[in-house]
Amino acid sequence: MNGKGVKARWWARTATAFVCVGAAVTAAAPSAFAGATGCNDRTCIAVAGSGLRVESVTASTTWNGDFNGHLHIYGGGIDRNSATGFWGYHQKFTVPVGRDLPNGSVLCAEGWEHTGGGLQLRGRACAEVHF
C-alpha cells in the first residue's frame, strides 16, 4: 500500500476521534429541562428537578378527585406504590429520586381506586425528562 492510503486512513481515524470527543463534550452540556407538572382525569404528577437531574416525583389527586385506593409512580427506573388509603386534594405521595435519569425517560403517576369489584384507574399523568 502506498503512503497516501495510510495517511488517508490516519486522517479518517483522527477525524472520527475528534467527532466522538466533540459529541461527548456536547452531551455533557447543561440541560434545559426544569421540572414538569400535569394532570389527567383525577391524577396529577409533579417532577422537581433541573436538567436530567430529578430530585423527586410527586403524585396527587385533582380538586374533587378524592378516592380510596393507592397512587403508583413509575418510569426511569422508579416503581413505587403508596400505601392504600384515602387520597384527597392536598394529599401527596412523593418519591425522592436525587439522581440524573436517562434523556427521554418518561415518568408517570397513576391513581387507582379500590372498589368492591377490584381496581379502577383514576388517571395516568406523565412527564418526559429531556435536555
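## Salt bridges in a predicted model

A search of the whole structure finds three salt bridges. A salt bridge here is a side-chain nitrogen of Lys or Arg within 4 Å of a carboxyl oxygen of Asp or Glu. This is a predicted model, where local features need pLDDT of at least 70, side-chain atom pairs count only at pLDDT 80 or more, and totals for chains, interfaces and linings use all residues. Residues are numbered from 1 along each chain as its sequence is written, and side-chain values use heavy atoms, leaving out hydrogens and water.

| Salt bridge | N to O distance |
|---|---|
| Arg53 and Glu55 | 2.7 Å |
| Arg124 and Glu110 | 2.7 Å |
| Glu113 and Arg122 | 2.5 Å |

Take Arg124 and Glu110. Arg124 lies in strand S9 (residues 118-128) and Glu110 in strand S8, so the pair ties together parts that are 14 residues apart in sequence. Strands are DSSP runs (E, at least two residues), numbered from the N terminus.

How accessible are the partners? Buried means under 20% relative accessible area, exposed over 50%, and partly exposed in between (1.4 Å probe, protein chains only). Arg124 is partly exposed at 38%, but Glu110 is buried at 6%. Arg53 is partly exposed at 34%, and so is Glu55 at 39%.

Now Glu113. This residue sits in strand S8 (residues 106-115). Beyond residues up to four places away in sequence, Glu113 touches several others, including Arg42, Phe67 and Leu119. Such contact means heavy atoms within 4.5 Å.

Technical notes:
Helix = DSSP H or I, 4+ residues; strand = E, 2+ residues; numbered from the N terminus.
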